[in-house]
Amino acid sequence: MSKKRRDEDTKGRILLPVSKRHEAELRELMRVLSERGFFPKDGDWKSFIDEALESLVTQIKSAPDFTFKERTDMFRDFYSARIMGLVPLPLSALQGVVERSPETADELISIYFSLYKHSFMFNGSGSLKDHLDSLRRFFIIITPLSTQNLIVKEDGACGSFTIFSSVLGKQMAERVYLPLLKRILDEMGAQVKNLKGDNITIEAQFCLPGKGDKT
């Protein structure tokens with residue numbers, strides 16, 4: 001059933017409670033989108049809210065296995081990646097390129113590392129939890145993995161990051177993602193206790209002195 005038909009079939013409208021801050025921000029977004037040509041200048045408030053809610057419903061339905069925060073982070077991270085010129089490619093295509101031209105792995109590591117450093121990395125202010133969360137968000141963006149395939153654990157100032165890498169393939173796991181993780185940890189100034197990987201799992205155990213989560 002179309003959106004229009006569903007709306008016509010409903011009797012009356014339900015007023016959704018929103019905070020004053022949310023209403024103010026939504027009205028500001030409506031103004032900005034209208035000025036940029038992404039929403040009709042003669043569009044009314046009701047129409048804008050209908051479109052905003054329809055967009056939200058679509059996003060939730062398309063990624064039902066994420067929390068609201070994870071879904072928001074994923075959208076923001078994907079947009080940041082596009083700004084840097086990165087576009088989605090099938091993993092099989094990347095695997096084929098690396099197998100045919102092993103030197104391409106170094107180029108991929110450099111590109112991915114640049115994305116991490118500019119869009120994900122904390123500059124000294126993040127807790128261990130922040131760094132672990134950013135690692136998980138980053139690998140969600142550059143791989144087809146979900147949160148269930150990326151496990152983070154904390155223990156004081158130390159933590160572990162595990163990637164269930166079977167879907168990534170042996171070449172990509174060993175030539176790209178493992179050395180990429182090592183480079184990121186080095187940049188973070190982490191004291192790496194253990195770093196290993198194969199086509200089944202990639203695992204890093206490391207400490208960040210003074211970065212244990214204080215909450």
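**Disulfide and sheet**

The count comes to 1 disulfide, taking a disulfide as a pair of cysteine sulfur atoms within 2.5 Å. This is a predicted model: local features need pLDDT of at least 70, side-chain atom pairs count only at pLDDT 80 or more, and totals for chains, interfaces and linings use all residues. Residues are numbered from 1 along each chain as its sequence is written, and side-chain values use heavy atoms, with hydrogens and water left out.

Which cysteines form the disulfide? Cys-158 and Cys-207, with sulfur atoms 1.8 Å apart. The link is right-handed, at 95 degrees about the S-S bond. Cys-158 lies in strand S2 and Cys-207 in strand S4, so the pair ties together parts 49 residues apart in sequence. Strands (E, at least two residues) and helices (H or I, at least four) are DSSP runs, numbered from the N terminus.

Buried or exposed? Cys-207 is buried, at 9% relative accessible area. Cys-158 is partly exposed, at 26%. Buried means under 20%, exposed over 50%, partly exposed in between (1.4 Å probe, protein chains only).

Now the sheet. It is open, with 4 strands in the order S1-S2-S4-S3 and antiparallel pairing. Pairing takes at least two DSSP bridges between two strands. S1 (150–155) and S3 (191–197) are the edge strands, each pairing on one side only. S1 and S2 (residues 158–164) pair over 6 bridges. There, Ile-151 stands opposite Thr-162 in S2.

Last, a helix. H7 (residues 128–142) packs on the sheet, touching S1, S2 and S4; contact means heavy atoms within 4.5 Å. The direction of H7 makes about 175 degrees with that of S1. Axes are lines fitted to C-alpha atoms, for helices over the stretch in contact, and angles run from 0 to 180 degrees between N-to-C directions.
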